[in-house]
Amino acid sequence: MALLEVVDVSKTFPGVKALDGVSFTLQPGEVHALVGENGAGKSTLIKVLTGVYQPDRGEIHYQGQPRSFAAPMDAQRAGISTIYQEVNLIPLMSVAQNLFLGREPRNAVGMIDRGRMEREAREILAEYGVTADVRRRLGTLPLGAQQMVALARAVMIDARVVIMDEPTSSLEPREVQTLFSVIRRLHGQGIGIVYVSHRMDELYEICESVTILRDGRLVHTGRLADLERIELVSLMLGREMSEVRRQGFTEFGGDHETPEGAGPVLRVDGLTSRTKLHDVTFDVRPGEVVGLGGLLGAGRSETIKAIGGAYPLDGGTVEVDGVSLKRPTTERAVKAGIAVQPEDRKAEGIVAGLSVRDNIALAVLSKTSRFGIVSDARIDEIVQRYMSRLRIKASGPDQRVGDLSGGNQQKVLLARLLATGPKVLLLDEPTRGIDVGAKAEVQSLIEELAAEGLGVVLVSSDAEELVEGSDRVVVLRDGAVVGHLTGDRVTTEDLMASIAAAAPESPA
Amino acid sequence: MKTLNAGVPATAGSTGPNGVERTDRTDRIVGLVQRQGALAVLVTVTLVALAVFPDFRSLDNAGTILVAAAPPMLIALGMTFVILTGGIDLSVGSLYVLGGVLAAWASQYGFVYALLVPLAVCGGIGLFNGLLIAYTRMAPFIVTLAALLGARGVMRAISDEGSTTYVVESDAFGTLGTGSLLGIGNQVWLAALLVLIGMVVLARTGFGQSVFALGGSEDAAGLMGVAVRRTKIGVYVLSGLLAGLAGAVNAAKLGSGVTVLGAGMELDAIAAVVIGGTLLTGGAGSIGGTVAGVLLLGVIQNMINQVGDLNSNWQQVISGTFLAVVVVAQTVLNRLRRVH
């Protein structure tokens, strides 16, 4: 008997058919991958399963019985738990309070038993590898630990089904392994797991079966091992396999032309910041994409931020077109022509509550105003230009950015950066958390920009993307440059070798 | 409850032993300052007052301070719950006055009515606030501002623009405001009892945890299964009830429903709550802090009264200064707490 079964479910929002006759079956003890591009209907399906949305049509059977969940609490009580991409706990409350919220242990007179709650929290979390003081505020823990608390909470409530929506997007590799051992254990206990992720390696490592959605419709369901990676990608994208194979996994082409004899557009010399950066030096010529390689915590994001003036430096210089930025600040960096796309676009990039137009306009207010009065016509022109150039899919310039898909949010952010007329573009994980289609578009956009003569610095945890996208790769470890890959040596093997050689004692 | 046995690598969740210990300690110290800062200031100010003003040093004066602080304490208690959810209740000043007038009027029917009528009416207005805020998702500021104006209108209407004064007719009810036990005024006992109950409710009940969760992150709280609407309605009802009770207690003390006092009480209550270390954005704070905040404002008022020739309006200047300092300190402390 299936643990959870969705039969022919449809859900329509104004203007969008988010789910169209989708069926989905989860067996006990099964780890089931749910994949599709952003906007394919994964999130909607999850929200239908967890009682956030009510389906317009179709049925949900849970443990053999037809069920409908009116609210998330209903689904939770029935044993369906969800952990979300962004940790959805209360940062200001303690770790123990978060773990037990809504089902705190009580003493004889019905009051919350703090001591027991903290003791039990410690015991439970130890099994998830979290050793921090459970009385601490959750928000003071590293993201990975917070995610583990969320997982422990989801499993604790006698869950029969655990839905994981991009659970690894904020985890470090070792934390991913901890997560996987927990998943294997849950699998052994007969708990059904719905696993949503964009990361192919993870899917093939942990999932047995797969359901692929595209444009709100079911396109494939079956055993994952029977499906080649390239088949999976082509099913998700709805493109021919031969086409995917020919183009490679990324949209990046060959090397870029650099104008003969051109000096570097960006020179970074001796960046030093206490324990984080040690004498980081490299340069970027116009039309060149320089990758920053290295493991998490190697100093890649810090380097990017430091060049953009958003990270305190103890020493070192940044030069744009031969002009030195004395003590970089974000304002000076922008004026000099440096544009930074931060890693966390929601927190540091877009303004979710503002429209597409206003987000793009933010960067160019000073350029489009005279005596402090903003010219609407000029802003509209700029917004229109970048919306069509970057193929931003929105109902119009006035749509809220928060309502767009991740890929389109990223494009709005890039539009804002480009509108400042930069000479150097610093991209920190430009394709993280966006779907395969948008990823390809962002990658080809980076190509185009480099071809137009922009200097690009690219940070990506996806080795294939880094190698295929970069002309050269600067390898960092513990905040210092430990290798340069150029020419034929820009390959994933050489990158791995360089990182590995740089780390005499392997952390694994 | 499911538990997992061994077999999971003990990795996630620590940034190395030293880093964790340091952030743990910083977190604890900063947390302590946040929670007990108001108390420390209260003790300091009280010690200064004891040293400087001879008249401050009497049991009588201490009693005066406590009795005067009882009604604001009740209002600030309700306000603490509201602010912890991330809301605000501007209607309490008006409800306080309305509660006083209603209590004095209803006292002709006896003790029970003198208490029940203001509680029912003010609790009802709180319920109305809560329902609007929970179901229409209107901003608490606007909803309770409307209630402030509405309640003030009702009070003016039933008191004929303040020209009709209702006198407390029930001796039993009057005792609530004028009597004492062990030399301490009845209303002080009442406030202390309700504060204690409030502390237990906040720390040891599901409702209390929901209040914190709501202020911390409403979306996350909803996904975690917290009854968001019920909790919101609950805090506004509680706030209305306590404001009405404060008004009734004050009427019992004064012997009549006075219609002119009480404007601006809501702002004093908000100030006391924030000075007490509760974040105006919700999610963190304590009733103990609010008690210290209320007493601090009371002691400052009393000190200024001791300086005979000083205009008592200076109290507001000093309270305002304290408020500004506390908000700046809170901002700095929170930043410290988030740093790794």
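## Helix packing in chain B

In chain B of this predicted model, residues L66(B), V67(B), A70(B), M73(B), L74(B) and L77(B) of helix α2(B) meet Q187(B), V188(B), A191(B), L194(B), V195(B) and G198(B) of helix α7(B), where a contact requires C-beta atoms, placed from the backbone, to lie within 7 Å. The residues of this contact divide into 10 nonpolar, two polar and no charged; here Ala, Val, Leu, Ile, Met, Phe, Trp, Tyr, Cys and Pro count as nonpolar, Asp, Glu, Lys and Arg as charged, and the others, Gly among them, as polar.

The axes of α2 (residues 59-84) and α7 (residues 186-204) of chain B come within 8 Å and cross at roughly 30 degrees, the axes being lines fitted to C-alpha atoms, for helices over the stretch in contact, with angles from 0 to 180 degrees between N-to-C directions. That crossing makes α2(B) roughly parallel to α7(B), a label given to angles under 35 degrees, while those over 145 count as roughly antiparallel, 65 to 115 as roughly perpendicular and the rest as oblique. The crossing is left-handed, a term used if the near helix is turned anticlockwise from the far one by less than a right angle, with clockwise giving right-handed.

## Conventions and chain totals

Residues are numbered from 1 along each chain as its sequence is written, and chains are lettered from A, with ligands numbered from 1, in the order in which they are written. For this predicted model, local features need pLDDT of at least 70 and side-chain atom pairs count only at pLDDT 80 or more, whereas totals for chains, interfaces and linings use all residues.

Of the 508 residues of chain A, 48% are buried, and buried residues make up 48% of the 340 residues in chain B; buried denotes 20 or more other C-beta atoms within 10 Å of the residue's own, exposed 12 or fewer, and partly exposed anything in between, with C-beta atoms placed from the backbone. Among contacts between residues at least 6 apart in sequence, 67% in chain A join residues at least 24 apart, and the corresponding share in chain B is 78%.

## The four-stranded sheet of chain A

An open sheet of four strands in chain A has the order β2-β1-β4-β5 with antiparallel pairing, two strands being paired if DSSP finds at least two bridges between them. Strands β2 and β5 (65-67) stand at the edges with a single partner strand each, so one side of each is left without a neighbour in the sheet. The twist averages 30 degrees from one strand to the next.

Seven bridges join β1 (residues 4-13) to β2 (residues 16-26) of chain A, with E5(A) standing opposite T25(A), and five join β1(A) to β4 (residues 57-62) of chain A, with V6(A) opposite I60(A). Strands β4(A) and β5(A) pair over three bridges, and in β5(A) the bridge partner of I60(A) is R67(A). Helix α1 (residues 42-49) of chain A packs on this sheet, touching β1 and β2, and its direction makes about 60 degrees with that of β2(A).

## The six-stranded sheet of chain A

Six strands of chain A form an open sheet of mixed pairing in the order β16-β19-β20-β13-β21-β22. Its edge strands, β16 (338-341) and β22 (480-485), each pair on one side only, and neighbouring strands are turned by 20 degrees against each other on average, direction ignored.

Strands β19 (residues 424-428) and β20 (residues 455-459) of chain A pair in the parallel sense over five bridges, and L427(A) has L458(A) in β20(A) as its bridge partner. Helix α16 (residues 436-451) of chain A packs on the sheet against β13 (289-293), β19 and β20, its direction making about 150 degrees with that of β20(A).

## Positive phi values and a covered helix

E429(A), in the loop between β19 and α16 of chain A, has a positive phi near 55 degrees although it is not glycine, and it is buried, with 22 other C-beta atoms within 10 Å. D215(A), in the loop between β9 (209-214) and β10 (217-223) of chain A, has a positive phi near 50 degrees, again in a residue other than glycine, and D215(A) is partly exposed, with 15 other C-beta atoms within 10 Å.

Helix α10 (residues 300-307) of chain A is mostly covered, seven of its eight residues being buried, including R300(A), E302(A) and K305(A). Just after α10(A), G309(A) takes a positive phi of about 80 degrees.

Terms used
Helix = DSSP H or I, 4+ residues; strand = E, 2+ residues; numbered from the N terminus. Contact = placed C-beta atoms within 7 Å.
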